[in-house]
Amino acid sequence: MRLAATRDHIAVVLNRPKYAGNIGSAARCAKNMGIERLIVVSDRDYRQEEIRQMSTHLAADVVDSIVYCRDLGEALSGFSYVVGTTARLGLARGPVVSPREMAEQAVEISRENDVALLFGPEDTGLTNEDLQYCQTVVSIPTSERFRSLNLSHAVMILCYEISVAQTGIPERFTPKMASSRELEGMYGHIGALLQEIGFLNPENPEYWMMHIRRLFSRIRLSAKEVRIVRGICRQLSWYLHHKKE
């Protein structure tokens, strides 16, 4: 029962998938590993018969309960921990972990928090802007000669690692973390204050904000801590305005 309860806190999020069949295949893979929450972010209308054909009737309940969103921020707003996936590496993508490392972290966090496994479009993957929502980024090791994975295969690998990790991690206290909505509000507040004091380069404000996001992602802030940070920002902004007077 404890494992089932933990998996209820984990969702697969497909951001702008190109093919309806891959949505169905992802639903089937997630259901195989006991994960039954699926969110699709897109403004397209997908052919339901293609989704159902690839999901098979055994995953029909997952398909029936798919949540469709038009905006990624909206889709992730209720999650406290977002795992991004990438095949491309580089400074802008941030440090990456292995699927096994990711699973151990995600399972522990999911005991008291909602966790999203975020996958990008089949042809391009997640953008740097998409990854800003993520607390950690995972890369699946593949052959250097052929790195591309089918979307549903990537979903299966991460969901499998989640399933394995759930049987081997001892239970311990896990604090309730701030939601993505709360974190995005905090980042907006910090960014506005840093622009006001001239810390951010107006031509490229996201450069330092990217590093600030990574810093706070490692801390795993609670909702109360987010309110404290925003309170500090408000007080500093108030002081700056009154000092000018």
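## Polar contacts and salt bridges between the domains

Between domain 1 and domain 2, five residue pairs are in polar contact, both residues at pLDDT 80 or more; a polar contact is a pair of N or O atoms within 3.5 Å, where within protein one must be able to donate a hydrogen and the other to accept it, and residues adjacent in sequence count only if both atoms are side-chain atoms. By class, the side of domain 1 that touches domain 2 has nine nonpolar, six polar and one charged residues (Ala, Val, Leu, Ile, Met, Phe, Trp, Tyr, Cys and Pro count as nonpolar, Asp, Glu, Lys and Arg as charged, and the others, Gly among them, as polar). Zero salt bridges are found across this interface, a salt bridge being a side-chain nitrogen of Lys or Arg within 4 Å of a carboxyl oxygen of Asp or Glu.

## A note on the model

This is a predicted model, in which local features need pLDDT of at least 70 and side-chain atom pairs count only at pLDDT 80 or more, while totals for chains, interfaces and linings use all residues. Residues are numbered from 1 along each chain as its sequence is written, and side-chain values use heavy atoms, leaving out hydrogens and water.

Domain 1 spans 7–167 and domain 2 spans 180–242, with bounds from an automatic or database domain assignment. Their C-alpha centres lie 28 Å apart.

Contact (heavy atoms within 4.5 Å) joins 16 residues of domain 1 to 10 residues of domain 2. The two domains bury about 1,100 Å² between them, 46% of it on carbon and sulfur atoms; this is the accessible area (1.4 Å probe) lost on putting the two parts together, summed over both.

## The chain overall

Taken along the principal axes, the C-alpha atoms fill a box of roughly 70 × 40 × 35 Å.
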